[in-house]
Amino acid sequence: MRAVVTEGHGPPDVLVIRDIDVPAPKGREVLVRVRACGVCRRDILVRQGPHRRGLADPLVLGHEISGEVVALGPDARGLTVGERVCSTQREYVCGCCSMCRTDRETLCSDLRFLGQEASGGYAEYVIVGDDNLVHLPDNVDFAAGAIVGCAVGTAFNAVCDTGRTRPGESVLIAGAGGLGIHAIQIARAVGARVVATTRSPAKVRALEQAGAHAVVVASDGFARGVREATAGRGVDIAIDTVGGAVFHDIRRSMAPGGRIVLVGEVTGATVEVDMATIYRRGLEIRSAVSTSRRQLEMALRMVASGAVRPVVDRTLPLEEAAAAHRLVEDNAVAGRVVLIP
Ligand SMILES: [Zn+2]
Ligand SMILES: [Zn+2]
């Protein structure tokens, strides 16, 4: 089969098309014919290195996968050959540890992430454990279905589960990337008042179209803009898809008792904070770590019902994986780039 193999770490040129064997499913594994695979910022971090321990060899990136079941391992359950499916971001979780049993399998210490510890979806076929595949509704196309498990599901985790957003509350969505644009839609669907922030004036219209009641361009005064949009009160919840660079802006944008939710690959920046500014105002800081299987199913339900529309900026053939990475690195896209084998 054709696959995009990552040969060493470095610039996009390390992604090369190779012919490799189609894997055979064992135990509870399922062989999926890949119809679409999203390109995530996480793929770029893995490609760039530094080398992480335990990466698959050969390393095929991609954890946002949709396709059809082609073959089942002898012990695989709950799926049929020909069924349309999409993946959680993982190839394997243990299923029985305290994290797996409490809807937090994203923190399972035995998990193998697709496109990292396990070969991923930049290929014609991929192996995924039966527990990590979900039925894809007929009215959700493959490109949209591919990105629900990451860009929509993690936004659902942040807004609904970790952020505990309720109707009538105000939500700040910081960052207009793949996560942000879906978090806006989900917060709006939940019945919240939504304020979005972006560094880029060119993205204001897309954020308004996604459902933001107000959009603040960060350079015009981040916290001041958010307060103006909430009658001076600040927001109840902030979803931070950016990281350290905007932490203090977000802190100053919070209403008393507000919840700050960290989500996505944070930049690695160090932030110095006077703890009293968190404690005195009763602020919470929580983390939404990727998407559980249940969160993926909830996100798929919102997509199938039309409440949330997955934003695919463009699709490209598998052979253009390097070009796709350049587009994402240059912030040249609004929504996801999706590869089609
Ligand atoms: Zn992703
Ligand atoms: Zn586990």
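The structure is a predicted model. The zinc ion (ligand 1) is held by C40, H63, E64 and C150, while the zinc ion (ligand 2) is held by C94, C97, C100 and C108. Helix α1 (residues 41-48) and helix α9 (residues 321-329) make up the helix pair.

**The zinc ion (ligand 1)**

- To find this site, look for the SG atoms of C40 and C150, NE2 of H63 and OE of E64, which coordinate the zinc ion (ligand 1) at 2.0 to 2.4 Å.
- The geometry is tetrahedral, and the angles among the 4 donor atoms run from 95 to 123°.
- Reading along the chain, the donors follow the spacing C-x22-H-E-x85-C.
- C40 has a relative accessibility of 8%, so it counts as buried, the cut-off being under 20%.
- E64 is also buried, because its relative accessibility is 1%.

**The zinc ion (ligand 2)**

- Here the protein donors are the SG atoms of C94, C97, C100 and C108, lying 2.3 to 2.4 Å from the zinc ion (ligand 2).
- This site is tetrahedral too, with angles of 105 to 120° among its 4 donor atoms.
- The donor residues are spaced C-x2-C-x2-C-x7-C in the sequence.
- C97 and C108 are 11 residues apart, and each is found in the loop between β6 (90-92) and β7 (112-113).

**Helices α1 and α9**

- A pair of packed helices is described by the angle between the axes and the distance between them.
- For α1 and α9, the axes come within 10 Å and cross at roughly 110°.
- The two helices are therefore roughly perpendicular to each other, a term that covers angles of 65 to 115 degrees.
- On the α1 side, the residues in the contact are R41, D43, I44, R47 and Q48.
- Their partners in α9 are H325, V328 and E329.
- By type, the residues of this contact divide into 4 charged, 2 polar and 2 nonpolar.

Technical notes
Residues are numbered from 1 along each chain as its sequence is written. Chains are lettered from A and ligands numbered from 1 in the order in which they are written. This is a predicted model: local features need pLDDT of at least 70, side-chain atom pairs count only at pLDDT 80 or more; totals for chains, interfaces and linings use all residues. Side-chain values use heavy atoms; hydrogens and water are left out. Axes are lines fitted to C-alpha atoms, for helices over the stretch in contact, and angles run from 0 to 180 degrees between N-to-C directions. Helices (H or I, at least four residues) and strands (E, at least two) are DSSP runs, numbered from the N terminus. Angles under 35 degrees count as roughly parallel, over 145 as roughly antiparallel, 65 to 115 as roughly perpendicular and the rest as oblique. Contact means heavy atoms within 4.5 Å. Ala, Val, Leu, Ile, Met, Phe, Trp, Tyr, Cys and Pro count as nonpolar, Asp, Glu, Lys and Arg as charged, and the others, Gly among them, as polar. Donors are N, O and S atoms within 2.8 Å of the metal (3.2 Å for Na, K and Ca); water is not among the atoms, so sites may look incomplete. Four donors count as tetrahedral if all angles lie between 85 and 135 degrees; four count as square planar and six as octahedral if opposite donors are over 155 degrees apart and all others between 65 and 115; anything else is irregular. Buried means under 20% relative accessible area, exposed over 50%, partly exposed in between (1.4 Å probe, protein chains only).
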